[in-house]
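Please open the structure in your viewer and follow the selections below in order.

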Amino acid sequence: MTAFTDKQLVDFVYAEARLLDEQRFDDWLNLFTEDAHYWMPLAPDQQDPRLHASLLYEDKLLLRVRVERLAGARTYSQQPRSRSHHLLQQPSIERADRDAGTCTLRTAFHYLETRLDTQTLYAGWATHELVTENGALRIRLKRVDLVNCDAAFGSINLFM
Amino acid sequence: MSKYEGRPDAVTALVRDTEVHKDLYIDQELFELEMEHLFANTWVYVGHASQVPNKGDYYTTTVGTEPVVMVRHSDDSVKVLYNRCPHKGTKVAGEVCGNTGKFFRCPYHAWTFKTDGSLLSVPLKKGYDNTGFESCEASRGMAPVGAVHTYRDFVFCRLNAEGVGFDEFFGPSLSTLDNMVERSPEGKLQVAGGVLRYMHHCNWKMLVDNQTDTCHPMVAHESSAGTAVRVWKEAPEGTPKPMAVELFAPFVNSYEFFEGMGIRVWDNGHGHTGVADSIHAAYSPVPGYLEQMVAAYGEERAKQILGEVRHNTVYFPNIMVKGPIQTLRRFLPIAADKTLVESWTFRLVGAPDLLLERTLMYNRLVNAPTSVVGHDDLEVYERAQEGLRARGRDWINVGRLYDPAERGQVNVATNGTNEWQMRNQFRAWTRYMTASMSPNPVRPELVEGSAS
């Protein structure tokens with residue numbers, strides 16, 4: 001990972017959030033490796049995504065289903081569509097193995113999702129496990145820990 | 001004058017042979033009457049005994065809108081108490097679950113109660129000498145609910161002390177719980193994996209109606225399951241079918257499939273889809289599981305247990321059980337237009353972990369607040385909750401495949417798109433709404449000397 005400066009790693013996280021808020025979901029999906037997961041645990045400090053429930057534990061196929069669904073003509077729950085707003089604290093580099101080309105960043109965030117007249121605020125921490133593929137940074141795991149992950153929620157339609 | 005309180009005739013008139021009045025979904029007075037009557041006269045699921053394995057273990061929840069605590073008593077029985085200190089009203093058990101030891105202690109004034117609710121001690125008790133304390137409600141401790149029945153570890157309660165018996169209420173519908181339990185090689189279930197909680201701004205009955213509504217999946221879930229099937233078709237040939245696609249795909253099966261899978265209607269509002277076939281029938285075998293089942297039950301019985309592929313079983317009034325995928329959903333009423341949906345999952349004790357993993361994946365894909373299938377459903381419920389305010393139409397139609405001869409028939413299997421099960425629920429709704437409704441409302445609990 002010698003190719004990437006700390007600033008480039010941090011900017012990658014900002015850019016990812018911006019793609020989501022601009023609803024450029026196909027571009028966003030391209031940031032993930034083929035074996036990637038997007039994980040939203042249901043419990044604080046959850047270690048196991050398989051034998052404990054999560055809000056989301058999606059591989060790339062399921063993420064693609066979500067993205068294509070958002071664009072579907074008969075996706076009534078997105079008529080009208082939701083919008084999102086990410087407010088990120090500066091990401092911190094938690095771990096970096098520059099020889100292996102991998103690193104982990106942690107980012108505190110506030111996330112707003114709106115639809116019609118309802119606006120809902122979520123807060124938590126995103127953890128990005130990044131790898132280098134063909135000279136570019138890619139996400140192998142994005143973990144989103146909500147501060148109230150075990151609360152009852154209404155529909156969460158987009159991506160944090 | 002109120003529209004429905006003390007007027008069983010007016011309540012009865014809301015349910016016709018093939019139509020139901022919109023007030024069942026939008027009228028807050030009717031909702032309050034449901035809490036007072038329907039949820040007090042029926043056997044309502046509280047929790048599973050595996051949530052309170054040890055003495056003093058408790059779990060707090062609601063029955064209707066009543067706060068209750070389910071607790072393992074010192075004699076190992078499971079008690080259900082109203083979670084309310086008889087002194088000033090404070091909820092005594094505060095956590096969702098925990099262990100209270102030998103007694104509950106109220107955080108306000110340190111009154112303590114045995115785990116059957118009886119009053120154990122009061123600080124400065126002598127201050128109640130010669131005050132008539134013994135004849136006060138408070139001296140009797142935390143109130144137990146009217147009746148509790150634990151069936152194969154599923155704990156149900158009836159808030160009213162008198163009423164329909166457990167066996168009479170459920171009858172042969174308990175076979176769905178039997179089947180889920182028997183799917184464990186050890187005949188034992190454990191609540192496992194956490195609970196998904198999804199807030200709905202709609203009436204609780206919309207969710208109950210939906211459980212046996214087999215004409216909506218191919219329409220409402222075209223966006224989610226339909227997209228999953230389409231995306232999967234683009235995968236290179238020879239790619240193994242992912243578990244998620246296997247779980248999603250049957251949601252967009254044809255009308256003919258759902259007609260053919262059948263619905264069985266029991267008495268008292270209970271019924272299930274998936275008599276001959278179901279969306280859970282064609283999952284891949286889990287390595288080693290059949291062998292375990294054969295070893296436990298013998299080949300014939302094991303195949304019989306696993307061949308029962310019931311889809312959704314409604315236990316009226318407010319839960320749904322899926323035996324083949326080990327989930328139980330509670331539709332918890334909060335207001336006429338607000339419902340909390342809890343989706344619980346079970347481990348089949350002794351069976352491979354992969355079964356629990358599949359159960360949790362199903363629950364996440366279909367029942368989470370982040371679930372695309374859940375989004376499809378909630379959107380139509382919430383649109384209905386708003387649409388029902390319209391004056392142009394006052395009734396909801398539940399007349400699909402209605403036959404006047406169906407009245408009084410129970411334990412009948414029929415076409416899978418028949419709305420008979422919904423009509424069954426509404427007939428039970430009328431029965432248990434009006435069973436304890438006096439035409440001239442008096443409040444006996446307020447009449448001095450009538451307390452028991």
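A residue is called buried when its relative accessible area is under 20%, exposed when that value is over 50%, and partly exposed in between, using a 1.4 Å probe and protein chains only. By this definition, buried residues make up 55% of the 452 residues in chain B.

The model is predicted: local features need pLDDT of at least 70, side-chain atom pairs count only at pLDDT 80 or more, and totals for chains, interfaces and linings use all residues. Residues are numbered from 1 along each chain as its sequence is written, chains are lettered from A and ligands numbered from 1 in the order in which they are written, and side-chain values use heavy atoms, with hydrogens and water left out.

**Select chain B.** Its mean pLDDT (the predictor's confidence in each residue, from 0 to 100) is 95, and 97% of its residues reach 70 or more. The model scores ipTM 0.97 and pTM 0.96.

**Show chain B as a cartoon.** The chain has 15 helices and 21 strands; these are DSSP runs, helices being H or I of at least four residues and strands E of at least two, numbered from the N terminus. The C-alpha trace of chain B spans about 85 × 55 × 35 Å along its principal axes.

**Select helix H8 of chain B, residues 222-233.** Ser224(B) lies in this helix. Is Ser224(B) buried or exposed? Ser224(B) counts as buried because its relative accessibility is 0%.

**Display the contacts of Ser224(B).** Contact means heavy atoms within 4.5 Å. Leaving aside residues up to four places away in sequence, Ser224(B) touches Val65(A) and Arg69(A), together with Val372(B), Val373(B) and Asp376(B).
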